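The sequence and structure are shown first.

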Amino acid sequence: MNKKYILSLDGGGVRTLATITFLRKLENELGIKIHEKFDYFVGTSAGAISCLGLSVKRFSANELQGMWSNQNLKRIMKKSSWESRFGLLQSKPKYQSDGKRTVLKNYFGKSTLSEATKPVAVLSYDIQERTPVLFRSYDPRYEDISIVDVGDATSAAPIYYPTAQVGDMFLIDGAIVANHPVLHGYVEAKKMFPDHELHVLSIGTGLSKRPLKGEASKDWGIVGWMMHDLFGLMVESSLDHELAGKIIGSNYLRVNSPLGGVNRRLDDRSDHNLNKIIKMGEMWWDKFGEEAVKLLT
């Protein structure tokens with residue numbers, strides 16, 4: 001049976017650099033560009049933007065790393081007008097979306113989903129219809145939507161960024177549905193390649209394993225929960241991974257680990273933290289690299 005290769009990338013803010021680090025090493029080992037090796041891409045948030053770069057623009061892993069440079073992260077995290085002294089009581093999103101959209105325009109220009117060279121699916125969530133939206137490059141409903149709009153929508157994380165509007169839809173980060181979108185991608189790829197054996201590589205962005213104080217949590221309100229990374233708790237479920245392992249079996253590899261010394265916050269772009277994120281990606285290669293190559297050859 002012929003094989004098809006699926007790449008699934010999680011969201012995770014600046015921690016996506018660990019994903020890119022792993023992909024750079026994988027690309028070097030395979031001796032072929034990532035966009036050439038894989039037949040289907042699915043992603044959420046920052047992972048989705050990387051998938052769009054691979055599928056639409058055929059970026060190399062090095063070019064992906066450039067897209068997530070510290071200079072671009074600074075632009076993406078353009079402060080909103082709220083004063084920092086308000087802290088967790090902020091009344092507006094922490095960042096404006098125009099900086100993020102500018103970076104997307106610099107890399108994707110006026111490209112639309114229809115220009116994807118390989119099928120790609122991007123996860124977002126429609127807050128008015130209360131339903132997931134899977135932007136598929138091969139779906140006539142979405143083919144004329146700009147990559148800038150899709151990238152903005154999939155990464156519009158509540159608290160961090162404003163809700164994104166695409167046509168009549170008001171959309172937020174796909175992590176609300178599945179930060180680990182592997183099952184969405186697998187189901188889509190099964191429909192697209194029904195007579196092929198699917199091999200699935202899924203790469204995460206680290207898991208926060210810092211224990212919370214159960215007794216103290218009884219008294220937490222919105223501020224207490226926000227101080228303890230409520231959004232992070234929502235997106236770091238391992239259930240999708242466990243289900244994928246049972247459904248896909250030995251043709252599935254998940255690359256991820258606890259965060260260790262990496263800041264759990266999605267927007268810590270300090271040099272110290274970014275270096276730790278890159279080292280996490282290098283550790284992943286040491287641990288999973290051989291398995292990944294075996295899966296793909």
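The model is predicted. Its protein chain holds 14 helices and eight strands. Of the 297 residues in the chain, 55% are buried. Among contacts in the chain with a separation of 6 or more, 74% join residues 24 or more positions apart. The accessible surface of the chain comes to about 13700 Å², and carbon and sulfur atoms contribute 50% of that surface.

Strand E1 covers residues 3-9. This strand is largely enclosed by the rest of the structure, because five of its seven residues are buried. E1 pairs with strand E7 (residues 197-203) and also with strand E2 (residues 40-44). The table lists these two pairings.

| Strand paired with E1 | Sense | Bridges |
|---|---|---|
| E7 (residues 197-203) | parallel | seven bridges |
| E2 (residues 40-44) | parallel | four bridges |

Individual residues illustrate both pairings. Ile-6 stands opposite Val-200 in E7, while Leu-7 has Phe-41 in E2 as its bridge partner.

Attention now turns to a helix. Leu-183 lies in helix H9, which spans residues 182-192. Its relative accessibility is 17%, so Leu-183 counts as buried; the cut-off for this class is under 20%. Leaving aside residues up to four places away in sequence, Leu-183 touches Asp-240, Leu-243, Ala-244 and Ile-247. Leu-243 is 60 residues from Leu-183 along the chain, yet the C-alpha atoms of the two are separated by 8.2 Å.

Technical notes. Residues are numbered from 1 along each chain as its sequence is written. This is a predicted model: local features need pLDDT of at least 70, side-chain atom pairs count only at pLDDT 80 or more; totals for chains, interfaces and linings use all residues. Side-chain values use heavy atoms; hydrogens and water are left out. Helices (H or I, at least four residues) and strands (E, at least two) are DSSP runs, numbered from the N terminus. Buried means under 20% relative accessible area, exposed over 50%, partly exposed in between (1.4 Å probe, protein chains only). Contact means heavy atoms within 4.5 Å. Accessible areas come from the Shrake-Rupley method with a 1.4 Å probe; for residues, only the protein chains shown count as cover. Two strands pair if DSSP finds at least two bridges between them.
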